[in-house]
Amino acid sequence: MSLTASVRVPPGPPARSAPRLLWKLVRDRLGLMSSAAGAYGDAVRIAMGPKVLYFFNHPDHAKYVLADNPGNYHKGLGLAQARRALGDGLLTSEGELWRKQRSVIQPVFQHRRIARQAGVIAEEAAELMVRLRARQDGEPVDVVREMTGLTLGVLGRTLLDADLGAFGSLGQAFEAMQDQAMFEMVSQSAVPMWVPLPHQLRFRRARAELQRIVDELVRDRTRDPTGDDALSRLITSTSEEADPAVGRRRMRDELVTLLLAGHETTASTLGWTFHLLDRHPQVWQRVRAEARDVLGDRRPEYEDLRELRYTTMVVEEVMRLYPPVWMLSRIAQQADEVGGYRIPAGADVLICPYTLHRHPGFWDDPERFDPERFDPARAQTGHRPRYAYIPFGAGPRFCVGNHLGMMEAVFVVAMVARELRLRVAPGHRVVPEPMLSLRIRGGLPMTVHAA
């Protein structure tokens, strides 16, 4: 899109609203984006003092920024600052480093290799079922914690050929990393890392613990780094660095990013799925019936994935309402034009899947949970713009693990729903928490009952 004299500045709230907007950025990020789209439309300029955000909420805008001209839009608000916490892993790196990292990891996610991991997912889900059965008709179980354990187990075995269950501190370490990353976003990295704030002290301890875990994984694998898993490939790649310290830091950054992104998004999706199945018993009944019809009493195999069609539709609809990556932030490297609106060089540009997936121009009754939207036979599915639904991002930085994550979510939902009914504990309020992924704040206590 070339710059022309006809381009405009997007509308937005007046400058006097800056204090209120800053408060919402800290306390209610989803509300900030939803209210901006509702009040001003598909292009919004949000001025917060010296910081100006350009928020675009149309499929054509998402396509242009993420896929048509991605070279002009590097990782932005949140992830740019999170680099101080997460380092230069695949999630935050740019340019040649990112391309090198992607080329190292990409083969691990090849279709044939992922298909071979179906048995691992089924085994981990079977172990989950044992734990859930033990809590049947008893005290509530935190489903988010259980799903986090499951997804870490799957990630360790499928991508690293390692047992991550031996590292009980991983969950707390990742919590501290996310807290620090979000603090970096809100504070714009203005607070030095050495300032002894409680969360920064937790982060420093977490970073040291993650380095210890990475070193242990690498030490165990270095004896035979010839496998086709991600850990072996990373060891080979980082060993080529001329400076061993650089190689060690790259290994930590890339492995921590893989661990965090590889389990957090799927665990979040599973938590939201069981919450919504509880609220919509008729949907749960259909998932249960499909699982029993397709699987009987056996574990799922890769070939079953295409037969678990309704369950897949349920997961897709969950990710529409609660996309695991709720915000895609970018920084414009050069002045540009998006949808007829002028974008200055250095501007923060936001694409928000959470609001895009609820856009009334592309989704009928967008707040309603309706898996039938994703029925391939429905006309709306075929005519909806491709970029109206981007739960895995879009363009060159499309999530490399999307196929593994979908298979994992579908198999786990089918196996649980076939046998058990999970219900949110009485009195518990389920609230979204937009961190690096869209989590459920404070976990999800659910009681376990026979189906």
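Contact here means heavy atoms within 4.5 Å. The structure is a predicted model.

**A buried arginine**

By that rule, Arg358 touches Arg320, Leu321, Tyr322, Trp363, Pro366 and Glu367, leaving aside its neighbours within four places in sequence. Arg358 sits in a loop, between α15 (353–356) and α16 (379–383). Buried means under 20% relative accessible area. Arg358 has a relative accessible area of 11%, so it is buried. One of its contacts, Glu367, also joins it through a polar contact: the two side chains come to 2.5 Å.

**Two helix pairs**

Two packed helices are described by the angle between their axes and the distance between the axes. The table gives both values for two pairs.

| Helix pair | Residues | Axis distance | Angle |
|---|---|---|---|
| α7 and α8 | 118–134 and 143–160 | within 9 Å | roughly 150 degrees |
| α10 and α11 | 198–222 and 230–238 | 10 Å | about 90 degrees |

Take α7 and α8. Angles over 145 degrees count as roughly antiparallel. The axes of α7 and α8 cross at roughly 150 degrees, and the two helices are therefore roughly antiparallel to each other. Their crossing is right-handed. On the α7 side, the contact uses Val120, Ile121, Glu123, Glu124, Ala125, Leu128 and Arg131. On the α8 side, Glu146, Met147, Leu150, Gly153, Val154, Arg157 and Thr158 meet them. Sorted by class, the residues of this contact are seven nonpolar, two polar and five charged.

Now α10 and α11. Angles of 65 to 115 degrees count as roughly perpendicular. The angle between α10 and α11 is about 90 degrees, which makes α10 roughly perpendicular to α11. From α10 come Leu217, Val218, Arg221 and Thr222. From α11 come Leu231, Ser232 and Ile235. This contact of α10 with α11 has four nonpolar, two polar and one charged residues.

**An aspartate in α10**

Helix α10 also holds Asp215. Is Asp215 buried or partly exposed? Its relative accessibility is 23%, so Asp215 counts as partly exposed. How far apart are the C-alpha atoms of Asp215 and Ala414? They are separated by 37 Å, and the two residues lie 199 residues apart along the chain.

**In brief**

Arg358 is a buried loop residue with a side-chain polar contact to Glu367. Helices α7 and α8 are roughly antiparallel, while α10 is roughly perpendicular to α11. Asp215, in α10, is partly exposed.

Note on methods: Residues are numbered from 1 along each chain as its sequence is written. This is a predicted model: local features need pLDDT of at least 70, side-chain atom pairs count only at pLDDT 80 or more; totals for chains, interfaces and linings use all residues. Side-chain values use heavy atoms; hydrogens and water are left out. Axes are lines fitted to C-alpha atoms, for helices over the stretch in contact, and angles run from 0 to 180 degrees between N-to-C directions. Helices (H or I, at least four residues) and strands (E, at least two) are DSSP runs, numbered from the N terminus. Angles under 35 degrees count as roughly parallel, over 145 as roughly antiparallel, 65 to 115 as roughly perpendicular and the rest as oblique. A crossing is left-handed if the near helix is turned anticlockwise from the far one by less than a right angle, and right-handed if clockwise. Ala, Val, Leu, Ile, Met, Phe, Trp, Tyr, Cys and Pro count as nonpolar, Asp, Glu, Lys and Arg as charged, and the others, Gly among them, as polar. Buried means under 20% relative accessible area, exposed over 50%, partly exposed in between (1.4 Å probe, protein chains only). A polar contact is a pair of N or O atoms within 3.5 Å; within protein, one must be able to donate a hydrogen and the other to accept it, and residues adjacent in sequence count only if both atoms are side-chain atoms.
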